[in-house]
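Please keep the structure in view while reading.

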Amino acid sequence: MFLLKTLNGAEMAPIRIFHKEPPSPSHNFFKMGMKLEAVDRKNPHFICPATIGEVRGSEVLVTFDGWRGAFDYWCRFDSRDIFPVGWCSLTGDNLQPPGTKVCIYLNKNGSPGPHLDKKKVQLLPDHFGPARASVVLQQAVQACIDCAYHQKTVFSFLKQGHGGEVISAVFDREQHTLNLPAVNSITYVLRFLEKLCHNLRSDNLFGNQPFPQTHSPLTTTEHSHSHDRYLPGRSWDGAWAEKGAQG
């Protein structure tokens with residue numbers, strides 16, 4: 001009816017050119033551990049390798065291979081978001097690779113802008129990762145907060161996300177925490193950081209290739225202490241507690 005009301009002389013596509021909807025299975029035949037291809041509902045243009053993590057009646061838990069639970073979801077066994085193995089090969093869609101580790105590099109020669117302390121930026125490691133994309137994003141954002149003249153300023157540019165890692169800042173005599181969004185590729189990590197750098201009025205400080213570095217003369221102890229905080233598995237709270245104990 002929309003076409004008839006809005007377009008003069010338009011014709012509806014005849015029903016005969018459409019394929020009939022395939023029949024749904026009569027029962028849920030999925031079992032835990034079965035492999036499939038599934039739409040990433042947080043990034044719906046991605047189809048990824050997945051595994052059935054659990055079955056409850058007519059519902060199945062879709063878990064994405066290589067990723068921790070941030071992207072998992074429950075759906076009906078006949079959902080249009082899940083496909084048999086080989087579906088993308090058959091249809092020509094791109095099947096994303098399983099979760100892999102990523103690494104981003106820091107441009108220490110770039111202008112840090114008015115909100116970041118250049119001396120503190122020089123103390124940061126030359127790269128973050130290799131690790132899961134969400135962990136690398138957390139390390140890079142936390143580094144920006146740690147290098148800020150006023151942590152509240154950087155924190156104010158961030159919005160509460162869902163499913164990602166936690167970052168922390170101390171201001172107004174309190175420790176504040178925030179969840180970053182879940183990310184699953186280096187593209188999303190760099191896009192997030194590019195926007196953050198724009199808000200900080202700094203050069204784009206991060207990239208997927210090493211930058212030529214001009215190191216300032218720092219002692220081995222200074223390098224070691226500052227880099228330890230951003231090692232994979234190193235939590236912000238642990239580093240803060242250690243700093244307090246040393247103080």
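The sulfur of Cys144 lies 5.6 Å from the closest cysteine sulfur, that of Cys197, which is too far for a bond. A disulfide is a covalent bond between the sulfur atoms of two cysteines; here the term denotes a pair of cysteine sulfur atoms within 2.5 Å. Cys147 is likewise in no disulfide, the nearest cysteine sulfur being that of Cys144, 7.1 Å away. The structure as a whole holds zero disulfides. Cys144 is buried, with a relative accessible area of 4%, and Cys147 also counts as buried, at 3% relative accessibility. Buried means under 20% relative accessible area, exposed over 50%, and partly exposed in between, with a 1.4 Å probe and protein chains only.

The model is a predicted one, in which local features need pLDDT of at least 70 and side-chain atom pairs count only at pLDDT 80 or more, whereas totals for chains, interfaces and linings use all residues. Residues are numbered from 1 along each chain as its sequence is written, and side-chain values use heavy atoms, with hydrogens and water left out.

The chain has eight helices and ten strands. Of the 247 residues in the chain, 39% are buried. The chain exposes about 15000 Å², and carbon and sulfur atoms supply 56% of that area; accessible areas come from the Shrake-Rupley method with a 1.4 Å probe, and for residues only the protein chains shown count as cover. Among contacts with a separation of 6 or more, 57% link residues 24 or more positions apart, where contact means heavy atoms within 4.5 Å.

In soluble globular proteins, nonpolar side chains tend to be buried together. The largest nonpolar core in this model has 57 residues, and those with the most contacts inside it are Val62, Phe64, Ile104, Val141 and Phe206. Such a core is a set of buried Ala, Val, Leu, Ile, Met, Phe, Trp, Tyr and Cys residues joined through side-chain atoms within 4.5 Å. Helix 4 (residues 133-146) contributes nine residues, the largest share of this core. The core also draws at least three residues from each of domain 1 (28-99) and domain 2 (101-207), bounds that come from an automatic or database domain assignment.

With 14 residues, helix 4 reaches 20 Å from its first C-alpha to its last, close to the 20 Å expected at 1.5 Å a residue; the expected span is 1.5 Å times one less than the number of residues. Because 14 of its 14 residues are buried, helix 4 is largely enclosed by the rest of the structure.

Helix 6 (residues 186-199) also has 14 residues and spans 20 Å, close to the expected 20 Å. Its buried residues are Tyr188, Val189, Leu190, Leu193, Leu196 and Cys197, and they pack against strand 6 (102-106), helix 4, helix 5 (151-156) and strand 10 (206-207). Beyond four places in sequence, Leu190 is in contact with Ile104, Phe206, Gly207 and Asn208. Phe206, with sequence neighbours up to four places away not counted, touches residues that include Ile104, Phe128, Ala140, Cys144, Leu190, Leu193 and Cys197.

What follows helix 6? The next feature is Arg201, whose phi is positive, near 60 degrees. Arg201 lies in the loop between helix 6 and strand 10 and is exposed, with a relative accessible area of 58%. Pro114, in the loop between strand 6 and helix 3 (118-122), is in contact with Tyr149, Leu200 and Arg201, neighbours within four places in sequence left aside. The C-alpha atoms of Pro114 and Leu200 are separated by 7.4 Å, although the two residues are 86 apart along the chain. Pro114 counts as partly exposed, at 43% relative accessibility.

Most residues other than glycine have a negative phi, and most peptide bonds are trans. Arg173 has a positive phi near 65 degrees. Its place is in the loop between strand 8 (163-171) and strand 9 (174-181), and at 87% relative accessibility Arg173 counts as exposed. A cis peptide bond joins Gly129 and Pro130, with omega about 5 degrees; Pro130 is found in strand 7 (residues 127-131).

Terms used:
Helices (H or I, at least four residues) and strands (E, at least two) are DSSP runs, numbered from the N terminus.
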